[in-house]
Amino acid sequence: MPRRDLAWYCVAVLGAVLARYGIVLVAWWPAIVAGLVVVAGWVYAPVRERVARVPHLRWIALGLLIAGALVGAWRLLWFADDALISLHYARNWIEGHGLVFNPGERVEGYTNFLWLAMIAACGRLGLDLPIATLVLGLAAYVATIVLADHVVRKLSGQRLVASFASVMTALSYPMMSFATGGLETVFCALLVLGMMFAAHEDRLLLSGTLGIFATMTHPDHALFYAVIAGVVFVPRLVQRRPFVRDLARYAAPFVVIYVPYFLIRWRYYGDAMPNTFYAKSGGGTYYSQGLAYLFISALVAGALGVLPAFVVGARHLRHTLFVRIVLVAVPVYLFYVARIGGDFMTGRLIVPVLPLVFVIAELGVRSVKRARVAAVLAVPFVLACLPTRVHPAQTERWFMTDERTFWRVASLDPLALRGDTAEHAEILGRYFGAAKVRPVYAAFEIGFVGWQTRFRIVDMHGLIDRELARTPLTERGRPGHEREATAEYVIARGADLARKPLYGMPHAQLAVLKLDGHNYHLAKFREELLAEVRGKPGVELTEMPAYLDAYAARAASIPEAELAVDLAFFDAYYFSVNPDPVRRANILAARR
C-alpha cells in the first residue's frame, strides 16, 4: 500500500474506533456521573480518612466488589473455541488416549499446559470439565482482584476502604470478559502480578515458582521470568554484591520443574516448541497489525486514560523493586506483542499487564498531594470500568473481533453454545454421533466440533497439523489464522466432510450433503459413510450411481474437453473409492 494511502487508512481506522468508543461512553453517562462522584469523594482527604475508620468497611467493600464483578462476568458468559481445544485434549488424556486431540496423533495443539493439567485434574476428580474450567477462571479472576488490592495497600502504606486498582481489575472489559470463556488469560494475569510482587517482597523462591508456572501456562510469559532475573540480579552482579544464594532460590523451580517438563514434552511430541507456535507464527514481524492491536485493546481496557497516572506513579515509586520490574517488563512484553501482530481476540494479550498498570496508576494518584491534580488523574479510572467495546457483536474489523460475542453459552449442562459453528457441530453429532462409521471432518473452528462430535478432525488452520503449520505464508492477515488448507490438502489428509467446497463448480454441487438445510461438502462418495444417514429426515444428496448412468446416456453430446474435466472429477470423487469399471466404461463407450 502506498505511504499516502496507508496514512489515510490509519486516520480512517482511528476515526472509526474513536467514534465507536464515544458512542459507548454516551450510552453509559449515568455510570460515568456516579463514578465521578465516587472519585471526588475518594480524592478529598477528609472524606477518605473518615470513611476509612469505619470498622470492617474494607472487607464489606471488597466483598461487594467481588460479588458485583462475578455477576458482571457471568452476564458475559461464553466459551472460547480455543478453550474447547484444551478441554478435548484433557478429556482424551483422562480417557487414556494420551495428551492428544486426535487419538493416535501426537501434535501439541495447545500452549497452556498448566491450565490444561488443572482442568484434567478436575476431571479426574469426577467434575464436569466445562463447569470446572469456568470455576477455575472465575477463581483466578477473584484472586487477581484481591491481590491487586493487597499490592496497593502494601506499596502505598495507607489505610484504604477500597483500591481503585482492584475496581479497575474487576470491571475493565477484557478482564471481565476473559474471566469466563474457559481460557487461561486471567490466570496468567494472576501469576504475573504474583511473581512480580513476590520478587518485590524478596520471596524469590515463590517468585521463581510463579514465573515458571506462568511460562508453563503461556510460553511467552517466560519474558516476565527473564526480566525479573535481570532486574534483581544484574545490579548485584555489577555492584559485586552476594547473589548466588538468592539466584539459586529463584532458579530452582526452573531446574526442578521446567527442565523435566520441557524434556518430557519434547520427547512426547518430537518438537521443541508447541505446534501452535508454528501455526500462529507469520515467520517475521507484523508491527502494523501489532500496534493497531495494542492501541485498540488499550482503549477498550481503559488503559490509555490511566497512563498519566501511571507515569506519575512510576516516577514517584521508581526506587521500589516492584516498579523497576514493571517498567522493564511491560515495555518488553508489549514490544513482543506488537512484533508478532497481536491476536485476533481484542484485549486478550494485554490482560496479563493490566493489573500492573492499574496498580501503579493508583499509586500515582495517591502520591499527589493536591486534590485537584489527583482528581484530574483519577477521572479516567471511571472510563476503565465501563464496557467500552469498539467491535459490534459478531463482527470482525481490522483483523480483530470481540470473540465473546461469537460463542455465547446456551446451556452449561450439557454444554451448548449459540452460533453458526456450534449449530453445525450439533447437527453433525445428531446425524453421525451414534453411527458405526463416523466421518473425518475438516474444520476451521476445531474446538467445539471436536468436543461435541468426537470425530477425527482435519484442522484447516494447522493448529493440530504439523505439516500445515509449517507452510510459508505469502501474505499477512488475521493473526493466528493466516494458514488455510487447500481443498487438495484436505482431501489428501483423509477428510470425508468439510465446511467449504472441495471441488470447483459445477462439480461442487454434486458433492453436497445437505443435513437439516445446511450444506456439508463431501471429499469422496463413500458408500459405507453415506449409508449411515441415507433415508433419514432432512438428508439430501446426489446419488452418484444414478447420476453417472444418466451422464453416460448423454455423454455423446458433451464436448470432449468438458467430458475430460468431468471424468477427472468422477475418478477423484467416486471411482477412487468405488471400484465400478462398468459405469466408467459406459461413459467412455458413449464417445466412440
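This briefing describes selected helices, strands and loops of the structure above. The model is predicted, so local features need pLDDT of at least 70 and side-chain atom pairs count only at pLDDT 80 or more, while totals for chains, interfaces and linings use all residues. Residues are numbered from 1 along each chain as its sequence is written, and side-chain values use heavy atoms, with hydrogens and water left out. Helices (H or I, at least four residues) and strands (E, at least two) are DSSP runs, numbered from the N terminus.

**The sheet**

- Six strands form an open sheet with mixed pairing, in the order β6-β5-β7-β9-β8-β10. Two strands pair if DSSP finds at least two bridges between them.
- β6 (457-459) and β10 (539-541) stand at the edges with a single partner strand each, so one side of each has no neighbour in the sheet.
- Strand β9 (residues 518-522) pairs with strand β7 (residues 497-498) in the antiparallel sense, over two bridges.
- β8 and β9 also run antiparallel, and four bridges join them.
- H521 in β9 has A498 opposite it, and V512 also stands opposite H521.
- The hairpin of β8 and β9 has two residues between the strands, and D516 in this hairpin takes a positive phi near 50°.
- Four of the five residues of β9 are buried, which leaves the strand mostly covered. Buried means under 20% relative accessible area, exposed means over 50%, and partly exposed lies in between (1.4 Å probe, protein chains only).
- Helix α20 (residues 420-432) lies across β5 (441-443), β7, β8 (512-515), β9 and β10. Helix α20 runs at about 70° to β9.

**Helix pairs**

- Axes are lines fitted to C-alpha atoms, for helices over the stretch in contact, and angles run from 0 to 180 degrees between N-to-C directions.
- Helix α11 (residues 204-217) packs with helix α12 (residues 222-238) at an angle of about 155°, and their axes are 7 Å apart. α11 is therefore roughly antiparallel to α12. Angles under 35 degrees count as roughly parallel, over 145 as roughly antiparallel, 65 to 115 as roughly perpendicular and the rest as oblique.
- On the α11 side the contact is made by L204, S207, G208, G211, I212 and T215, and on the α12 side by A222, Y225, I228, V232 and F233. Contact means heavy atoms within 4.5 Å.
- By class, the contact of α11 with α12 has seven nonpolar, four polar and no charged residues. Ala, Val, Leu, Ile, Met, Phe, Trp, Tyr, Cys and Pro count as nonpolar, Asp, Glu, Lys and Arg as charged, and the others, Gly among them, as polar.
- Helix α27 (residues 560-575) and helix α28 (residues 581-589) pack at about 175°, with axes 12 Å apart. This makes α27 roughly antiparallel to α28.
- L567, F570, D571, Y574 and F575 in α27 meet R583, R584, I587 and L588 in α28. The contact of α27 with α28 has six nonpolar, no polar and three charged residues.

**Buried positions in helices**

- M544, L548, Y551 and A552 are buried in helix α26 (residues 544-553). Seen down the axis of α26, the buried residues fall within an arc of 100°, so they line one face of the helix. The arc is that of the directions from the helix axis to the C-beta atoms.
- An α-helix has 3.6 residues a turn, so residues three or four places apart point the same way.
- The buried residues of α26 pack against α27 and α28.
- T144 is found in helix α7 (residues 129-156), and T144 is buried, with a relative accessible area of 0%.
- Apart from neighbours within four places in sequence, T144 is in contact with T169, M175, V186, L190, L193 and P355.

**Backbone features in loops**

- D413 and P414 are joined by a cis peptide bond, with omega about 0°. P414 is in the loop between β3 (409-412) and β4 (415-417).
- Another cis peptide bond runs from M505 to P506, with omega near 5°. P506 lies in the loop between β7 and α24 (507-510).
- Q394 is a residue other than glycine with a positive phi, near 55°. Q394 is in the loop between α19 (371-384) and β1 (396-397).
- R454 is not a glycine, yet it has a positive phi of about 65°. R454 lies in the loop between α21 (446-453) and β6, and at 42% relative accessibility R454 counts as partly exposed.
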